[in-house]
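The sequence and structure come first, followed by the notes.

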Amino acid sequence: MNEQREAGGRAWQMVKAGSMDRLLMVETTIAEPDDSSVLVGVKAIGLNFADIFAMLGIYSATPKGTFIPGLEFSGEILRVGKNVTKFKAGDRVMGVTRFGAYTTHIVQSPDYLSPIPKAWSFEEGAAYLVQALTAYYSLFSLGDIQKGYKVLIHSAAGGVGILANRIAKKMDAYTVGTIGSPGKKDLLISEGYDEVLVRDESFETKLEATAKERPFNMVLECIGGKVLQMSYKAMAAQGRMIIYGSAHFAETGSKLNPIKLALKFLRRPKIDPLKLISDNKSVMGFNLIWLYEKKEILQYSLGELEKLEIGPPMVGHTFGFDEMKEAIALFQSGKTTGKVVITVA
C-alpha cells in the first residue's frame with residue numbers, strides 16, 4: 001500500500017466495542033490507493049444490524065481494538081491504481097467492505113465494487129448490495145427456491161425483506177411477510193406480498209392457520225427466539241430455514257444489559273439434530289462477512305441479481321453524516337421501513 005496520505009477525511013470510529021457511547025467522529029487522513037485499488041469519495045452509507053452487533057461487541061467478526069464500523073457504501077471514484085482497468089476516476093460505484101464504511105473516503109479493491117445503475121441515486125446504491133446479496137444467497141444458494149414455493153419472510157418491511165419478496169416473486173412464490181407493527185402493512189401489500197402477519201399476541205395462531213392451509217417450503221429468519229421456534233413448526237417436510245440474523249438479541253440503548261442478554265442466550269431455541277431427521281427439515285445459516293471472503297460466489301451472485309431486474313431498493317430514512325448516532329438510534333428502535341442511509345456531503 002502506498003503510504004502517501006493527505007488530510008481532509010472524517011470517520012465515525014469505535015475506540016473499543018461494547019458501548020455506542022464509544023462511537024466518535026474523528027478527523028482522518030486520506031490514503032492513496034495502491035496499484036490494484038481505488039480511492040472512493042463516499043457519498044452514502046447503508047446501516048445494517050451487523051453494524052449494531054459489532055459496535056456492541058456481540059458479533060463474532062468484530063475487529064479487536066479501535067475500528068471504523070460499516071459494511072456498505074456508495075460514492076465516486078477519485079483515484080485508481082495503475083493496474084485497475086475495471087473503473088476510472090469519476091465512476092459512480094456501490095461497494096461492500098469488511099468494516100470501514102462509516103467514513104468520507106475509502107480505499108477498496110475493485111472486486112468489491114459495482115457500478116451504480118444510471119437511474120439510481122447514491123442513496124439507493126448504498127442500500128442495495130448487503131440486502132440484495134443476503135436475499136439472493138438465502139433464497140437461491142441455500143434455499144434452492146423452486147417455482148411456486150411458499151416462503152415466510154420475517155422483518156418483511158426491512159431492506160432484506162423487501163428485496164427478498166421481489167426475488168421470490170420472480171419464481172412465482174407465494175410470500176408471507178411478518179412485521180412488528182400494523183403501520184407497515186400497506187407497504188408490504190404495495191410490494192406484492194400475498195399475506196401479511198403482524199407479530200402481535202395472536203401471531204402464533206395466525207401463523208399456524210396459514211401453515212395448516214399450506215406449510216412453508218422456506219423461511220427467511222432474522223429474529224430468533226420464539227419466532228424461530230414457531231417458524232420451524234410451520235415448515236413443510238423438506239422445508240428449509242435460512243437464518244441470517246438474530247434481532248432478538250438487539251438492544252435499543254447505547255449499552256448492553258449483560259443479565260438480559262445472558263437470559264436470552266440461555267433461553268435461545270435449541271434444535272435437536274435427531275428431530276431434523278425425523279421432521280425431514282433443514283436449518284442453515286450464514287453471515288455476509290463469510291460471503292465477503294468468497295469473491296467468486298459474491299461476483300456470481302451479483303451477476304445473477306442483475307439478470308433478475310428487481311429494481312432499486314427502498315430507502316426509507318436518510319440522515320446526514322453528522323447525524324450518525326440519531327440514525328443508529330432509529331434503526332435500533334425497529335420502527336424503520338426500507339433502508340436507513342447516511343448521506344455524506
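In this predicted model, Phe-203, Glu-204, Leu-207 and Glu-208 of helix H6 meet Met-230, Ser-231 and Lys-233 of helix H7. By residue class, the contact of H6 with H7 divides into three nonpolar, one polar and three charged.

**Geometry of the helix pair**

- The axes of H6 and H7 come within 10 Å and cross at roughly 20°.
- Angles under 35 degrees count as roughly parallel, so H6 is roughly parallel to H7.
- H6 and H7 form a right-handed crossing.

**Surroundings of H7**

- Helix H7 spans residues 225–233, and its buried residues are Gly-225, Val-227, Leu-228, Met-230, Ser-231 and Tyr-232.
- Met-230 and Ser-231 are among these buried residues, and both also take part in the contact with H6.
- The helices that the buried residues of H7 pack against are H6 (203–213) and H9 (273–279).
- The strands packed against by the buried residues of H7 are S8 (150–153), S11 (216–221), S12 (235–243) and S13 (282–285).

**Thr-178**

- Thr-178 lies in strand S9, which covers residues 174–179.
- Thr-178 counts as buried because its relative accessibility is 0%, and buried means under 20%.
- The side chains of Thr-178 and His-154 are joined by a polar contact of 2.8 Å.
- Beyond its neighbours within four places in sequence, Thr-178 is in contact with Leu-152, Ile-153, His-154, Ser-155, Ala-156, Leu-197, Arg-199 and Phe-203.
- Phe-203, one of the contacts of Thr-178, is also one of the H6 residues in the contact with H7.

Methods:
Residues numbered from 1 in each chain as written. Predicted model: local features only at pLDDT ≥ 70, side-chain atom pairs only at ≥ 80, totals over all residues. Heavy atoms only, no water. Helix = DSSP H or I, 4+ residues; strand = E, 2+ residues; numbered from the N terminus. Buried < 20%, exposed > 50% of the residue type's maximum accessible area, 1.4 Å probe, protein only. Polar contact = N/O pair within 3.5 Å; in protein donor to acceptor, adjacent residues only side chain to side chain. Contact = heavy atoms within 4.5 Å. Axes fitted to C-alpha atoms, helices over the stretch in contact; angles between N-to-C directions. Parallel < 35°, antiparallel > 145°, perpendicular 65-115°, else oblique. Left-handed = near helix turned anticlockwise from the far one by under 90°. Nonpolar A, V, L, I, M, F, W, Y, C, P; charged D, E, K, R; others polar.
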